Amino acid sequence: MLALRDTAVPVYWRTVRAIMRTAETILETMHQRGWRITGPRRAIVEYVLAQDGPFSAEEIFRALRRRQPTIGRATVFRTLDLLAELGVVERIHHPSGVHRYVVGGDGHRHHVVCIRCGAVAEFAGCNLEAVLAQVADQTHFRILGHWLEVSGLCQLCQRETTVSSS
């Protein structure tokens, strides 16, 4: 499935994303853009930056609710939207229909998602220039960016499928 998203970001913001690696830097950038910096929002940013793999808004909500009982689900979702806008996180379309997120990195990356267990792996590089040129010709859009997500079965789920079918 090929999904395109407008990723036309001024050079300044691409540079900001490249150096955004600390909670304070992210919170300062949010503040400069006019977004309020609250205790729950700070806790969400810190939680997100501590993640090594995919996570959901609900996982953030449950983890932080224990420490900060006043945090709300809507705050988690809104903050994740802001972090996605800044390029701090990337949305992953999980097979369950629930968005998951990964901390964004440098460079152009894509994801492959296991349709059974939801495992996510990154891969770099793509040869989509010809496809994007064809899309531009057909739609008369000027393509500014793209987002590619591939689905399949991870190695563990492949092994389980082989074992259960034997």
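What is the relative accessible area of Glu24?

Mentor: Glu24 comes out at 48%, which makes it partly exposed. That label sits between buried, under 20% relative accessible area, and exposed, over 50%, using a 1.4 Å probe and protein chains only. Before we go on, keep in mind that this is a predicted model: local features need pLDDT of at least 70, side-chain atom pairs count only at pLDDT 80 or more, and totals for chains, interfaces and linings use all residues. Residues are numbered from 1 along each chain as its sequence is written, and side-chain values use heavy atoms, with hydrogens and water left out.

Now, who does Glu24 pair with? Its partner in a salt bridge is Arg42, and the closest N and O atoms are 2.6 Å apart. This pair ties together distant parts of the chain, with Glu24 in helix 2 (residues 23–32) and Arg42 in helix 3 (residues 39–49), 18 residues apart. Helices here are DSSP runs of H or I with at least four residues, numbered from the N terminus. To count as a salt bridge, a side-chain nitrogen of Lys or Arg must lie within 4 Å of a carboxyl oxygen of Asp or Glu. Arg42 is partly exposed too, with a relative accessible area of 29%.

The structure holds six salt bridges, so let's look at a couple of others. Glu85 forms one with Arg33, where the closest N and O atoms are 3.5 Å apart. Here again distant parts of the chain are linked: Glu85 belongs to helix 5 (residues 73–86), while Arg33 is in the loop between helix 2 and helix 3, 52 residues apart. As for accessibility, Glu85 is partly exposed at 48%, and Arg33 is partly exposed at 32%.

Salt bridges that share partners join Glu58, Arg62 and Arg73 into one network. Arg73 counts as partly exposed at 43% relative accessibility, and Glu58 is partly exposed at 23%.

Methods
Helices (H or I, at least four residues) and strands (E, at least two) are DSSP runs, numbered from the N terminus.
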